[in-house]
Amino acid sequence: MTSSVWFGVRRGIAALGISVACLVAPAAAQSGGLVFEEVGPQRLEREQCGLFLWTLGERPELILVAFDNPTGAAVQLEGRERYLSRTQFGGERVAGVFERQTFEGAGLRVRVEVTFDPSRPVRDGAMVQQGSITATDRDGWETVIPVGGLSGCQRLEPGS
């Protein structure tokens, strides 16, 4: 059994404080029919920065990659990769990535919140100290996924 716990919360029920459903998913995050699957390999282009987030647990899986240029995020849902546009951002910008970002598309809203770890420096990047992804589907179901990760930038080589 994995230590990752996914919380599925129906917005209306949660607002009343009546019920919270907890689901344990060994390979993916699921709630109300929404399943995050592992994202395939992603490449940073020259002068591009990205945020790479994976599930926590025995077998971490990369489930979201966000880019600064063009601004958006790649996720894998229902067996296909989807690209969501960034609609909001805030907080400090570390290694090209904001601490709070919202991405939307295909009836899905994904809010990413991360705190970077200043005690673990990474060349041209930063380690995520703690983070979460909150995804809301078109029916109002929310999936909250605790994540780990890092940000990084592909810089031009000196002299190029």
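Student: What should I know about the model and its numbering?

Tutor: The model is predicted, so local features need pLDDT of at least 70 and side-chain atom pairs count only at pLDDT 80 or more, while totals for chains, interfaces and linings use all residues. Residues are numbered from 1 along each chain as its sequence is written, and side-chain values use heavy atoms, with hydrogens and water left out.

Student: How many helices and strands are in the chain?

Tutor: Helices (H or I, at least four residues) and strands (E, at least two) are DSSP runs, numbered from the N terminus. Here the chain has one helix and twelve strands, and from the N terminus on the order is β-α-β-β-β-β-β-β-β-β-β-β-β.

Student: Is T102 buried or exposed?

Tutor: Buried means under 20% relative accessible area, exposed over 50%, and partly exposed in between, with a 1.4 Å probe and protein chains only. T102, placed in strand 9 (residues 97-105), counts as buried because its relative accessibility is 6%. In the chain of 160 residues, 44% count as buried.

Student: Which residues does T102 touch?

Tutor: A contact means heavy atoms within 4.5 Å. Not counting residues up to four places away in sequence, T102 touches S85, R86, T87, Q88, R109, V110 and R111.
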